[in-house]
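Please read them with the structure open.

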Amino acid sequence: MGSPCEVLLETDSESSAAAVAGSVSTEAWRIEDKFSRYLPDNIVHRINNSGGAPVEVDDETANLIDFAATLYEMSDGRFDITSGVLREAWNFDGSDNVPADSEVDRILERVGWSRVKWNRPELILAAGMQIDLGGIAKEYAVDKAASEAAAETDDACLVNFGGDLVATKAPTRSKGWQVGIDALDQAQGLPQKLIRLQNGGLATSGDARRFLLKDGIRYGHILDPTTGWPVQNAPRSITVAADTCTQAGMLATLAMLEGKGAETFLADQDCKYWCYR
Amino acid sequence: MKKLNTVASALLVVGLAGLGGCSSMGVEPWERDIMAKEEMQLTADPLEAAIDDHIYFSKEASSGGRGFGGGGCGCN
Amino acid sequence: MYETDKEIPMSRKNSKSVAATLTTATCALLGTTSTTPVNAQEEDEWELDTALLYYNEDGNRVQDISFKMLANRNFVDDRVLSLSLGVDSLTGATPIGAIPFAGPQTFTSPSGNQVRTTPPGEIPLDPSFLDTRVALTANWQQPLGRLSSFNAGLSASSEYDYLHLGANFKLSRDFNKRNTTVSMGLAFAADELDPVGGAPMPLTPMLDVDDLSNRMGNQNKDVMDVVLGVSQIINQNLIMQFNYSFSSSDGYLNDPYKIVSLVDPVTGDPVPRIPSPGVDGPSHEYRFESRPGERTKHSLFGQAKYYMNGKVLDASYRYMTDDWDIDSHTVDVRFRWPIGDRSYLEPHFRYYTQTHANFYRTSLDSSLPLPSYASADYRLGEFDAITLGLKYGWKTESGNEWSARLEAYSADGSVPANLLIGSNQGGLEMYPDLDAIIAQFSYSFGW
């Protein structure tokens with residue numbers, strides 16, 4: 001997942017806490033092992049090294065790919081799981097290493113969900129193209145892990161993987177789960193905003209740590225696959241509250257992709273959001 | 001004056017004894033769920049406490065004790 | 001390169017249905033049929049407590065209706081701003097200190113404009129004021145490092161005859177894994193009195209109508225308070241607090257409207273007086289009260305709050321002693337009883353007892369020289385008081401809280417035999433016992 005993961009459980013029972021922590025971490029590792037693009041022997045690796053040959057995928061993978069396809073439609077092509085190869089040109093390490101147009105254009109040849117043949121359960125990915133489920137898998141893992149926890153216990157529980165989180169139930173002994181949204185100015189160490197979460201998901205999309213800075217222009221790390229460049233005029237940080245972490249995460253990402261229109265988009269969705277520029 | 005000296009010394013003894021024993025008493029930071037409850041705050045309802053302080057300040061010769069003692073009115 | 005004019009077209013056609021499509025897609029992905037709707041709220045910036053109070057004393061005495069509000073603004077770094085506003089509307093009458101008598105008694109009003117007569121046998125009351133009091137406070141709390149904090153505050157109040165200005169400071173520090181907190185506070189008040197008709201010179205007689213020859217100008221009263229306190233968490237369920245307070249008052253400490261009756265040493269009846277010809281005035285001899293120009297108080301306060309599986313017991317005791325020879329004890333007990341998840345019942349019991357000030361006199365012997373200080377103010381007398389009350393509180397779904405309380409306060413005084421003068425005073429109500437109702441309705445909410 002690339003970030004610290006935790007589960008908070010309101011309980012007096014040490015055995016219950018161990019059981020829940022166990023099932024949450026097992027599920028988290030399972031999803032990480034199965035969908036990480038860094039591991040050499042999982043379904044994603046097989047797809048990315050298929051060299052154009054058809055790959056048959058299992059139900060869970062098919063569900064994720066269907067979901068990604070729906071998001072591609074919903075965002076008019078701006079949410080695209082084949083856009084991962086653009087990282088060959090873009091390395092958001094805070095430096096001023098902005099790539100040349102020609103370099104970006106060359107890589108764009110290998111980007112585009114429309115080039116993928118998806119006929120569940122068969123996926124054909126042209127040689128040189130890659131899929132990256134990183135934009136969906138973390139939020140998906142949060143929701144799956146939370147349902148594992150909910151099966152294990154009736155107590156209020158919050159699953160938090162690096163700031164993408166979901167609470168199954170409101171705690172009984174306090175006024176809600178207190179969640180802080182990181183301040184844009186990290187130096188302070190204090191949250192920008194405090195939210196009381198009774199139940200539901202919260203996810204944040206933002207460029208707090210990953211960006212490039214050149215000639216006074218800040219390039220956030222959310223790339224627009226239709227141009228190959230970071231989304232223009234994207235907010236610095238968007239946090240969304242929704243019924244599940246997946247929905248919250250996708251709404252935050254889709255809003256980021258709207259750039260200047262992020263706030264309008266979120267207002268239209270009738271969800272609670274916090275947007276900082 | 002003699003009465004006040006006795007009061008002061010008694011207070012000092014109680015205070016020091018109290019503080020001396022304090023270093024071992026208490027709970028770990030993670031055992032403070034009950035202490036954190038609103039109803040367990042030393043002054044759980046500051047508005048009501050202020051109202052009561054003011055009523056009793058107007059009708060009796062004593063005031064305060066818990067904090068600064070009421071006052072500031074022409075009622076006593 | 002960025003083309004600064006390039007607009008990313010928004011998918012206007014389906015922007016509103018994105019959320020719905022997403023919900024369906026997510027349900028398919030997660031294999032769920034429905035989910036509980038999300039419930040997330042921004043933490044309120046302001047917490048407001050409001051209260052409406054009704055206070056009424058038996059026997060047409062003081063009645064007070066007031067509105068009070070306390071607003072707290074919490075900042076993320078533990079700084080807190082507190083503001084409060086109180087408006088009191090006082091009406092009614094209060095005992096002026098003269099003793100009751102078998103016959104009628106006539107008094108000049110505080111303004112000196114008119115006279116009022118008290119029927120035979122009744123405790124003389126001053127039915128004067130309609131007064132409105134406005135009080136404001138502001139307080140700032142600032143953390144100093146991880147374990148200490150600093151409070152600074154200002155207070156001000158205004159009535160038609162009284163102005164108060166005050167400042168206070170407090171320093172606190174935590175020790176011992178924050179189980180122990182030690183604090184020290186200092187408060188100053190500079191009050192100014194501008195009584196109706198002018199402050200009377202102490203121990204001078206109550207004069208005829210329009211005779212203000214014994215009145216003085218504005219008076220000042222300064223008060224300094226010091227509080228030293230320590231609070232200690234004893235165990236998971238018990239917390240205790242101990243405070244020592246010192247208070248020093250300086251200036252005009254008299255009640256400008258209170259008098260003492262001059263009585264005949266044999267009968268104990270008020271000494272009659274004849275007003276100047278053609279003028280109204282008091283029917284008997286009365287002297288304006290006189291208190292020392294200084295007062296020093298010491299208080300010791302202890303409190304314990306004990307949690308018993310949902311119920312909370314709050315018990316406190318305060319001992320006060322001062323250089324006017326007043327000693328008092330206060331015991332205050334509250335027991336909070338939760339009812340279900342959202343409401344509670346809280347019975348309240350308070351017992352108060354005080355000894356009388358060394359210059360407290362119910363009446364003065366007319367054949368003897370006047371003492372340096374004398375006051376018949378029942379609040380400086382010897383009495384026991386009991387408060388019995390019940391409070392009911394409930395919390396709404398959105399976390400706001402309502403509460404209502406009803407209390408009865410009853411003060412019962414006694415006059416030591418050595419303060420009685422003459423043969424007739426034994427059968428009279430020399431101390432004006434007090435019975436009052438306190439009713440309060442509160443609402444607390446976030447904003």
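**Notes on chains A and C**

1. The contact between the two chains takes 43 residues from chain A and 29 residues from chain C. Keep in mind that this is a predicted model.

2. Which elements of chain C supply the side that touches chain A? Helix H1 (18-30) and strand S1 (39-42) of chain C each give at least two residues to that side. H1(C) has the largest share, with 10 residues.

3. How does the side of chain C that touches chain A split by class? There are 15 nonpolar residues, 10 polar residues and 4 charged residues.

4. Strand pairing crosses between the chains. Strand S8 of chain A, residues 191-206, is joined to S1(C) by 4 bridges. The two strands run antiparallel. One pair can be named here: Asn199(A) has Asn39(C), in S1(C), as its bridge partner.

5. Now the sheet in chain C. Three strands form an open sheet in the order S18-S17-S23, and the pairing is mixed. Strand S18 (286-288) and strand S23 (363-365) of chain C are the edge strands, each pairing on one side only. On average, neighbouring strands of this sheet are turned by 35° against each other, direction ignored.

6. Within that sheet, how do S17 and S23 of chain C run, parallel or antiparallel? Strand S17 (residues 259-263) of chain C and S23(C) run parallel, joined by 3 bridges.

Terms used
Residues numbered from 1 in each chain as written. Chains lettered and ligands numbered in written order. Predicted model: local features only at pLDDT ≥ 70, side-chain atom pairs only at ≥ 80, totals over all residues. Contact = placed C-beta atoms within 7 Å. Nonpolar A, V, L, I, M, F, W, Y, C, P; charged D, E, K, R; others polar. Pairing = 2+ DSSP bridges. Axes fitted to C-alpha atoms, helices over the stretch in contact; angles between N-to-C directions.
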